[in-house]
Amino acid sequence: MSAPPARTTGRAATTPSPGKIITAACIGNALEWYDIAVYSYFATYLSKVFFTNDDPAVSLLLTLGTFGVSFLIRPVGALVLGSYADRAGRKAALTWSIGLMALGTLLICVMPSYAAIGAVAPIGILLARLIQGFAAGGEFGSATALMVEFMPNRRGFAASWQFTSQAASTLLAALLGTVLTSTLSEDQLTSWGFRIPFLIGLLVAPVGLYIRRNVPEPPTPAPESEPTRAPIRTMLREHKAGVLLTIGLLAVTTCLNYLITYIPTYATKTLGLPDSTGFIAALAGGLVLLAVTSVAGHFSDRVGQIAIMIPAAGAVLLLIYPMFALLVAAPSLAMLIGVVMVMALFKGCYYGPMGALMAGIFPAETRATGMAVGYNIGVTVFGGFTPMIAAWLLDTTGQSAAPSYWVAFAAVASLTSLFVLRRRTLHSR
């Protein structure tokens, strides 16, 4: 890819409205998380179509494993597209990322089944997910940098829309899952119905591409924030600790997010509830996230991000196992909805302020690269493999509440990062 002229400092000639900035930054992120949610929600059907095996449990593990493996390429995408954003501009990188995500979605939409083309089918799905993973790798850092640089005095509120858009995407995916599993038979879902959500996601891509191509570059302060010619080298030399702290910050919220996307599979395979039950619970969780995330981000501009995030992570650590134990003891739609809504509440309170806190860890000249690398390593470790780890824990321990152990570990990692950052802040005063 050829780089356009380097970003210039000073104010943009025309500053777009906050609504246009937020839409341009978030639409690609929304598409990414929509595809992730759809793949996870419909994993049972994808396993039957593309990962045929005599043992359904093995087919499901292969499907979730492919979902997890695709996250391994995200740090590569973060390095390539994140450094490209720091060199060539946020807009150029965001245009590339949404185009590549659309390509991956298209491949899933048109891929023939295992019965039709054999082993080429799972290989094709893996390729599609790798393309999406590479594109998503550069999405978060570039998009968040775009928003906080256009709205420096409202960083918490601006960055929170990254996560509000994820909530909206999860909500849409859960709504489609509820409708499809309630109206179509299992045979219809397996033969063609599971492709409908991917086709809907594909329709969003051209709109996002148009919006992003018509947004100017954000203003950048001068002279200290001139773009560096080697943002990767600078980030690795000067900001390794910042990357590690970013990974830790991501742990608990990312783990919770992917556990919520695993809920439809968990509800049917482990709790023995009807197919639509998990989608209804995920829908309720999406509504909570949509309502809470930006409010928490706005509030964090007044009281500070860490002051909100530490109590949220602490609540997850203390309550995640009791919630799962209660759910296992009395599995029902009402109980599942209640547990998912509480998880979503903690997640929203933590999620909303997080983007602004992460953006403040890195200077402008390496912000997109540093955030992208830390974010995507964190998402790979604590996110992409969470459904598979949850399934593995269930299988090896025989305990239906076992997925909570992984979430508790992630909460400890996040609290560690938060306390380190709080100590840094106190020492800098």
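Colleague: Which residues do ring pairs link into a cluster?
Modeller: That would be F382, W406 and F409. Keep in mind that this is a predicted model.

Colleague: How many aromatic pairs are there in the whole structure?
Modeller: The search turns up seven. One of them is F42 with Y45, with ring centres 6.0 Å apart and planes at 45°, so that pair is tilted.

Colleague: Are F42 and Y45 buried or exposed?
Modeller: Both F42 and Y45 are buried.

Colleague: And Y321 with Y405, is that pair stacked or tilted?
Modeller: Stacked, because the planes are at 15°, under the 30 degrees cut-off. The ring centres are 6.1 Å apart. The pair bridges distant parts of the chain: Y321 sits in helix α15 and Y405 in helix α19, 84 residues apart. Y321 is partly exposed at 42% relative accessible area, and Y405 is partly exposed too, at 36%.

Colleague: Back to F42. What is it in contact with, leaving aside neighbours within four places in sequence?
Modeller: G177, L180, L189, F194, P197 and F279. F42 is also listed with the residues that have the most contacts inside the largest nonpolar core, which has 105 residues.

Colleague: Which helix gives that core its largest share?
Modeller: Helix α13, residues 240-269, with 16 residues. There's also a second, separate core of 14 residues, which includes L31, L81, F134 and V215.

Colleague: Switching topic: how many salt bridges does the structure hold?
Modeller: One. The side chains of E186 and K48 meet at 2.3 Å, N to O. E186 is in helix α10 and K48 in helix α2, 138 residues apart, so to speak a link between distant parts of the chain.

Colleague: Why do those two count as partly exposed?
Modeller: Because the class covers what lies between 20% and 50%: E186 has 42% relative accessibility, and K48 has 37%.

Colleague: What about S47, buried or exposed?
Modeller: Buried, at 5% relative accessibility. S47 is in helix α2, and it touches T52, S59, L60 and T63, not counting residues up to four places away in sequence.

Colleague: Last one: where is the kink in α14 centred?
Modeller: On V292, with a bend of about 25°.

Definitions and conventions
Residues are numbered from 1 along each chain as its sequence is written. This is a predicted model: local features need pLDDT of at least 70, side-chain atom pairs count only at pLDDT 80 or more; totals for chains, interfaces and linings use all residues. Side-chain values use heavy atoms; hydrogens and water are left out. The bend at a residue is the angle between axes fitted to the seven residues ending there and the seven starting there. Helices (H or I, at least four residues) and strands (E, at least two) are DSSP runs, numbered from the N terminus. A salt bridge is a side-chain nitrogen of Lys or Arg within 4 Å of a carboxyl oxygen of Asp or Glu. Buried means under 20% relative accessible area, exposed over 50%, partly exposed in between (1.4 Å probe, protein chains only). Contact means heavy atoms within 4.5 Å. A nonpolar core is a set of buried Ala, Val, Leu, Ile, Met, Phe, Trp, Tyr and Cys residues joined through side-chain atoms within 4.5 Å. Rings of Phe, Tyr and Trp (its six-membered ring) pair if their centres lie within 6.5 Å; planes under 30 degrees apart count as stacked, over 60 as edge-to-face and the rest as tilted.
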